[in-house]
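Thanks for coming. I will go through one structure, starting with its core and ending with some backbone details. Please have the picture open.

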Amino acid sequence: MKHLLFFVFSFLLTATIYSQRVDTVTNDTWQNTSWQHSTRDVFSYNSSCLVTTVLTQSWQQSSSTWADTLLLSYTYNANNEVSQTLFQIWNSNTSMWDNFLRETFSYNGNNAVDSVLAEAWFNNNWKNATLFTYTYNADGTVNILLFQIWLTSWNNSSRITYTYNADKTVNQDVTQTWNLIFQNWTNASRNTYTYSATKKIITDLNETWKSNQWKNNELTTNTYDGNDYLINTLFQTWNSATSSWENNSQINYMNNSNGTVAVAISQNWDKGTSTWINITRSTFSYNSCALPLTLASFTATLKDKVVELNWVTLTESNTKNFVIQRSRDGINFENIGTVNAVGNSTHKTSYRFPDAAAFNAGIAKFYYRLQMVDKDGSFTYSKITTAEFINRVIVRISPNPVKDILKIERLNSSTLTTLMITDISGKAVAQINITAETYSWNIQRLPSGTYYLMVAENNKQAAAIKFIKQ
């Protein structure tokens with residue numbers, strides 16, 4: 001049950017992102033060999049297709065009606081980021097909503113969440129309850145998530161430390177709890193992830209810290225279909241007596257043709273009969289939430305040293321402009337230009353923006369999105385598109401990983417070749433020009449880490465090769 005609740009909650013958090021918005025989630029429980037209504041969540045949206053409320057209702061069997069139980073309300077800042085959430089509980093005696101909990105979000109200069117303050121409603125006042133604080137690495141990934149509770153001041157409770165793979169997917173997260181007696185952090189649990197080629201989580205191995213070592217606890221395995229849609233999540237627990245994984249529960253997903261989830265069924269494993277037993281079912285319905293602007297396509301194409309951005313709108317209504325945003329990591333975006341919109345249109349309109357500064361960014365992959373701004377100041381974002389250097393094999397490097405000397409062999413090239421090394425953030429750390437067929441580059445002074453060898457012929461970008469410096 002906890003897994004399905006987490007799954008539904010994840011839908012609530014991502015409802016503001018996708019073009020297909022969740023309209024209603026109806027939850028049923030398996031009783032007497034049939035599904036019986038339990039609860040449902042009803043979503044509402046503003047004109048920018050951002051979720052404003054999620055109303056939770058419980059099924060009244062006696063009257064066959066839905067009764068209000070919980071209301072979650074969202075407010076947003078000028079950047080359409082969540083600034084506050086308010087949880088309220090329905091009081092049937094007063095027929096009013098009673099405050100219960102609110103969360104206030106703050107953001108850093110990169111528009112990433114800096115902290116989340118939770119306050120509880122007590123004696124007609126908001127009282128501090130918990131505080132989540134995020135710290136980030138230089139590349140924008142989360143380093144530590146700190147959880148604190150309020151007594152008479154903020155006190156450490158737990159923290160999660162993240163490590164990453166070279167492609168910025170989370171490799172491992174370690175949860176530690178604060179030891180009040182010894183005033184230090186103590187290991188509690190850790191999760192280690194594996195991914196598919198499309199960066200979707202395949203396995204999540206959860207381990208607990210016991211007797212000063214990590215012990216297997218739970219294994220989560222995701223299965224995807226040929227369209228890369230999630231169709232099953234299997235939860236298994238570790239049996240130390242048999243040193244094997246045993247089935248615990250699973251969620252089966254039935255998807256719509258566009259990849260959204262239509263139905264999710266949670267089941268528990270019955271050891272006695274070795275069968276799956278139905279527990280809960282969630283049925284999802286969606287709305288299109290029509291925006292004043294309909295975006296048909298948005299593409300990014302790398303041509304020599306310029307990234308050509310092209311997009312097409314089908315309809316426009318009071319559209320002001322498009323703000324073009326670029327990112328090194330797909331998380332933190334910066335504005336790089338603005339294109340005025342036609343404003344009002346019922347036919348296809350094509351737009352173009354050349355990013356001539358892309359070459360100088362010194363990274364292998366660029367992320368782009370459009371901020372589509374209406375005349376009243378409201379806006380929404382397009383889906384993210386990417387542009388990558390097409391690696392023509394004009395050089396070969398060895399060894400990789402490398403410790404001291406990076407050996408470079410030029411292939412099928414007689415022109416001037418420019419080599420530039422950038423760190424993972426895109427900052428150039430070294431550059432040379434070569435014409436020889438082979439070259440040995442001493443990179444001993446570079447700190448250990450991930451780098452890119454950017455290769456250009458006659459000032460035209462040709463390849464970006466990733467390597468590891470030990």
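Predicted model: local features only at pLDDT ≥ 70, side-chain atom pairs only at ≥ 80, totals over all residues.

Let me start with the largest nonpolar core, which has 18 residues; Val307, Leu309, Trp311, Phe322, Ile324, Tyr368 and Leu370 are the ones that touch the most other members. At least two residues of this core come from each of β19 (294-303), β20 (306-315), β21 (319-327), β23 (349-355) and β24 (365-374). The largest share is that of β24, with four residues.

Some terms, before I go on. A nonpolar core here is a set of buried Ala, Val, Leu, Ile, Met, Phe, Trp, Tyr and Cys residues that are joined through side-chain atoms within 4.5 Å. Buried means under 20% relative accessible area, exposed means over 50%, and partly exposed is in between, with a 1.4 Å probe and protein chains only. Strands are DSSP runs of E with at least two residues, and helices are runs of H or I with at least four; they are numbered from the N terminus.

Residues are numbered from 1 along each chain as its sequence is written, and side-chain values use heavy atoms, with hydrogens and water left out.

Next, a sheet. Two strands count as paired if DSSP finds at least two bridges between them. As for a partner in β20, Thr294 is bridged to Thr315.

Now the salt bridges. The rule is a side-chain nitrogen of Lys or Arg within 4 Å of a carboxyl oxygen of Asp or Glu. How many salt bridges does this rule give? The count is nine.

Take Arg281 and Asp28, whose closest N and O atoms are 2.8 Å apart. This pair links distant parts of the chain, with Arg281 in strand β18 (residues 275-287) and Asp28 in strand β1 (residues 21-31), 253 residues apart. Is Asp28 buried or exposed? Asp28 counts as buried because its relative accessibility is 3%, whereas Arg281, at 23%, counts as partly exposed.

Glu119 and Arg102 form another salt bridge, and here the closest N and O atoms are 2.7 Å apart. Glu119 is buried at 9% relative accessibility, and Arg102 is partly exposed at 21%.

In the pair of Glu246 and Lys271, the closest N and O atoms are 3.2 Å apart. Glu246 is in strand β16 and Lys271 in the loop between β17 (261-270) and β18, 25 residues apart. Lys271 is exposed, with a relative accessible area of 58%, and Glu246 is partly exposed, at 23%. There is also a network of salt bridges that links Arg326, Glu334 and Asp355.

Last, the backbone. Most residues other than glycine have a negative phi, and most peptide bonds are trans. Where are the exceptions in this model? Ser64 has a positive phi, near 55°, and is found in the loop between β3 (51-60) and β4 (65-76). Ser64 is partly exposed, with a relative accessible area of 45%. Ser243 is not a glycine either, and its phi is positive at about 55°; its place is the loop between β15 (230-239) and β16 (244-255).

A cis peptide bond joins Ser398 to Pro399, with omega about -10°. Pro399 is in the loop between β27 (395-398) and β28 (405-410). Another cis bond runs from Asn400 to Pro401, with omega near 10°, and Pro401 also lies in the loop between β27 and β28.
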